[in-house]
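The following note sets out points for a colleague who is examining the coordinates. Each point may be checked against the sequence and the structure shown here.

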Amino acid sequence: MEYVIELRNITKVFPGIIANDDITLKVKKGEIHALLGENGAGKSTLMSVLFGLYKPEKGSIYIKGKEAHITNPNDANRYGIGMVHQHFKLVHNFTVLENVILGVETVKNGTLVMAEARRKVLDLSKRYNLFIEPDHLISDISVGMQQRVEILKMLYKNNDILIFDEPTAVLTPQEIDELMKIMKELISEGKTIIFITHKLNEIKAVADRVSILRKGKLIDTVDVASSTKESLSEMMVGRKVLLEVNKTPAEPKEVIMEVSHLSMKSKHHGKDSVNDVSFKVRRGEILCIAGIEGNGQTDLVYGITGLQKLSGGKILYKGVDLATKSIRYRSLNKISHIPEDRHKHGLVLDYNLAENLILQTYFTDKFQKFGFLNFKNIYDHADKMIQRFDIRSGSGSHSVTRSMSGGNQQKAILARELDINPDLLIAVQPTRGLDVGAIEYIHKTLIEQRDAGKAVLLVSLELSEVMSVSDRILVIYEGELVGEVDPTKITQQELGLYMSGSKREKVE
Amino acid sequence: MKKFLMNAGVQKIFAALLAILFGLAFGVVILFISSFFISKASYPLDALYTIVTGGLRFSGLKGLGIIMRFMSPILLTGLSVGFAFKTGLFNIGASGQFVIGGFVAAYICIKWTFIPLEYLWIVGILGAVIAGGIVGLISGLLKAYRNVNEVISAIMLNYISMITVSNLVSIIADKNNPSRTSPPLSRIPTLGLDKIFGNNTTDISIFIAILVAILIYIILERTTFGYELKACGYNRNAARYAGINDRLGITLSMTIAGALAGLGGAMVYISSITKVFDSLLTLAPEGFDGISVALLGMSNPLGIIFSAAFIAALKNAGPALSRSGFNEEVVKIMTAVIIYASAFSLIFREKLVQFFTKKGAKK
């Protein structure tokens, strides 16, 4: 059997880490080959090697049986390899058509000729059921549509090996279904797809074979049909993982925070990014704010946590309006915040672990005297936290946090935020980019907090997380709350309709 | 042994030494090439010897005394730049803060004769610290509240300071004595150091500078204040998230950086170096030397003490070099190469780590 792509014994080393360790990957023609692995397992590095972005220390690449020398993306393109990146590479104020032809423009007498390109784009769109309008501006179309433009770009260049890098992260459930259909369509037309993901459901839904990477090594390549989700996740993480979240029904107690008529001005345009939002959070419940990325949840959290000024409304927390209170006031009054972007807000990456663990408490008597830091207590405290939360790093409390893995960085933040024994825990995308093992741990911790009578406000884009962890769901769409639902009485599909704005009801 | 070599601090020192070696080697190449064109030149390696020891060319302690004297201003401007680096800012305005500080110190020591002369230098130094701090404060406020890049505002302030001083200098000068300096009694005291080192410019400024360096080290590494400032510098967003007033932090960082450079100005203009204010409208070179010193010292206040001594010695070697037939400018080229090399210190460090880990792996 001839393979369309063979990566033989690829080794790629970065200072201090072996990203790919002697990986041999064979992809058959006309299959959807999934690449499964935790963050940092080496999936993206491997694909970057194939795409010519990295030069491997060892190993060779064979395309259609012949050795290929790929040193840059243009070479990859010549071999028919195209890639849809996680973050799209589109020019926002160009039309769809202009984006598609970018770099491969047809020129006649020094001027652009669009007519032929337009015909080809429309043909392709029809053939693969992409439903693309060539004259719409990228900035006006949905994220799902933008992704189709990326796919169309590859088809326009006659690529027949298509790499999808975590394509579903930004999509609604409906859009994910559509994408799966398109992928199958592409296969039936003789294309080959490599599908990078860490979501097991999607692999079960579309992939033919799956290669599992762990810590830079290829664990195995197996047929999807003959493997279970449990066995795949075990291979990915290296141990048994609980995929279901175990929890008892919530027992909500008194209201701890009441947000009323809250509005936030957008930083990017004059309009409000959050518009007249009101809700209550109770002790002993996990309230989830669900929505597709960019519908105002970030600004809403900035407002509640004090990172940005409100343009209107009130936040009553234990009877005090937080609108004019400082961030320090919030943390002293037991509001914890696990931020959305752990590198931007959560950690000072150049500080070591111990220094990061006292980011909100360095001024307390425990850690300083007359303005001088008490390093003994600081490192003792860090050692305790490391033990309690099982934070793993190269050199313990002295590790620079930049060098730690994403999961352990998140554990460090979690440790710090839980250490102040919060009454209200605001967790924004706490499991983003984490592997199954770390996700399991964080979900367990959130539920423990709830059971201890704390209020948890969870903001998440991850549908499975929203459905399994929360006790009550508020859906946010374009800065407004469009529905309040009970996760036990709603399907993912129905929730998706709320999230995409196709369904809405008044929220008290 | 391996653990010792993997220590970040040790690696930094190694990298700095490598940079210096690289610069010296480059200098030898230049000396070698130029020795073909200069008839009375001595051998390049002799010239290198002159450069390395040139700062100490006088018999006894005199050379050391001169280096001590000349390193204190650039030690302080180096601290100014290094402190700003540590708190995430680039203080390219040390030159302007330096000249303003020096001018205010000179003004106080010449004009404020109502204060007893023997205490006047203390007031002068305080004035310089405040004046330099105010210049830094302007950049800090603009950065914190208006998000104006501190490099841009500081470069502008360099020129504003220079021209302001050259216009105001007539206040302290008089017709008969256009290059008037502060009266000897009001200068930074020598406490007999001039006798010990046999050189009348050696005074206690070096001890002040070293003391300040140690103080800055303690502030940065041991206090909650330093912890806050560094947090703002490394990651402004995270500092704000943690409830630290990031705007105040940035403003204070720039003010302290300015005060340090201002103090450096006092070290020159109310001392027995008797430097006069330049009417040629050139930016004070001590400010830019500070960038070199900070880079070579890896922004560590204690490292900066040594890098300032090294750069001062190297600069001091220039005249000696010209006596052995070579062009004095070779020293400047070497300094520049060293600075470039230390700016690449990250690469040096990486290579060092690779070298040692490979060696370790073979064992």
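**Note on salt bridges, interface and buried sites**

1. A:Arg78 is exposed, because its relative accessible area of 66% lies over the 50% cut-off. The model under review is a predicted one, and each value below is to be read accordingly. The partner of A:Arg78 in a salt bridge is A:Asp75, with 2.5 Å between the closest N and O atoms. A:Asp75, by contrast, counts as buried at 12% relative accessibility.

2. A salt bridge in chain B connects B:Asp203 and B:Arg69, whose closest N and O atoms are 3.3 Å apart. B:Asp203 is placed in the loop between α8 (193–196) and α9 (205–222) of chain B, while B:Arg69 is in helix α4 (residues 62–86) of chain B; the pair therefore ties together parts that are 134 residues apart in sequence. Both B:Asp203 and B:Arg69 are buried.

3. In chain A, the side chains of A:Arg209 and A:Glu31 form a salt bridge with an N to O distance of 3.0 Å. This pair also links distant parts of the chain: A:Arg209 is in strand β11 (residues 209–214) of chain A, A:Glu31 is in the loop between β2 (17–28) and β3 (32–37) of chain A, and the two are 178 residues apart. A:Arg209 is buried at 12% relative accessibility, and A:Glu31 is buried at 5%.

4. How many salt bridges does a search of the whole structure find? Over all chains, the count is 38 salt bridges. A network of salt bridges links A:Lys247, A:Arg450, A:Asp451 and A:Asp471. Between chain A and chain B, however, the count is 0 salt bridges.

5. The contact between the two chains involves 26 residues of chain A and 20 residues of chain B. Together the chains bury about 2,100 Å², with 62% of this area on carbon and sulfur atoms. Across the interface of chain A and chain B there are 14 residue pairs in polar contact, counting pairs with both residues at pLDDT 80 or more. On the side of chain A that touches chain B, at least two residues each are supplied by α10 (327–332), α11 (342–346), β20 (372–373) and α14 (406–419) of chain A. The largest share of that side, 4 residues, is from α11(A). The residues of the side of chain A that touches chain B comprise 13 nonpolar, 7 polar and 6 charged.

6. A:Gly346 is located in helix α11 of chain A and is buried, with a relative accessible area of 0%. Apart from residues up to four places away in sequence, A:Gly346 touches A:Pro339, A:Asp341, A:Leu359, A:Ile413, A:Arg416 and B:Tyr241. The distance between the C-alpha atoms of A:Gly346 and A:Asn356 is 8.8 Å, at a separation of 10 residues along the chain.

7. Is A:Ile5 buried or exposed? A:Ile5 is buried, because its relative accessible area of 1% is under the 20% cut-off. A:Ile5 is part of strand β1 (residues 3–14) of chain A. Residues up to four places away in sequence aside, A:Ile5 touches A:Leu25, A:Lys26, A:Val27, A:Leu50, A:Tyr62, A:Ile63, A:Ile161 and A:Ile194. From A:Ile5 to A:Met183 the C-alpha separation is 18 Å, and the two are 178 residues apart in sequence.

8. A:Asp299, in helix α9 (residues 297–305) of chain A, is buried with a relative accessible area of 13%. Its contacts, leaving aside neighbours within four places in sequence, are with A:Met264, A:Lys265, A:Ser266, A:Ser273, A:Val274 and A:Gln308.

9. The structure holds 0 disulfides over all chains. B:Cys109 is buried at 0% relative accessibility, and B:Cys232 is buried with a relative accessible area of 5%.

Note on methods: Residues numbered from 1 in each chain as written. Chains lettered and ligands numbered in written order. Predicted model: local features only at pLDDT ≥ 70, side-chain atom pairs only at ≥ 80, totals over all residues. Heavy atoms only, no water. Contact = heavy atoms within 4.5 Å. Buried area = accessible area lost by both parts, 1.4 Å probe. Salt bridge = Lys/Arg side-chain N within 4 Å of Asp/Glu carboxyl O. Polar contact = N/O pair within 3.5 Å; in protein donor to acceptor, adjacent residues only side chain to side chain. Nonpolar A, V, L, I, M, F, W, Y, C, P; charged D, E, K, R; others polar. Disulfide = S-S within 2.5 Å. Buried < 20%, exposed > 50% of the residue type's maximum accessible area, 1.4 Å probe, protein only.
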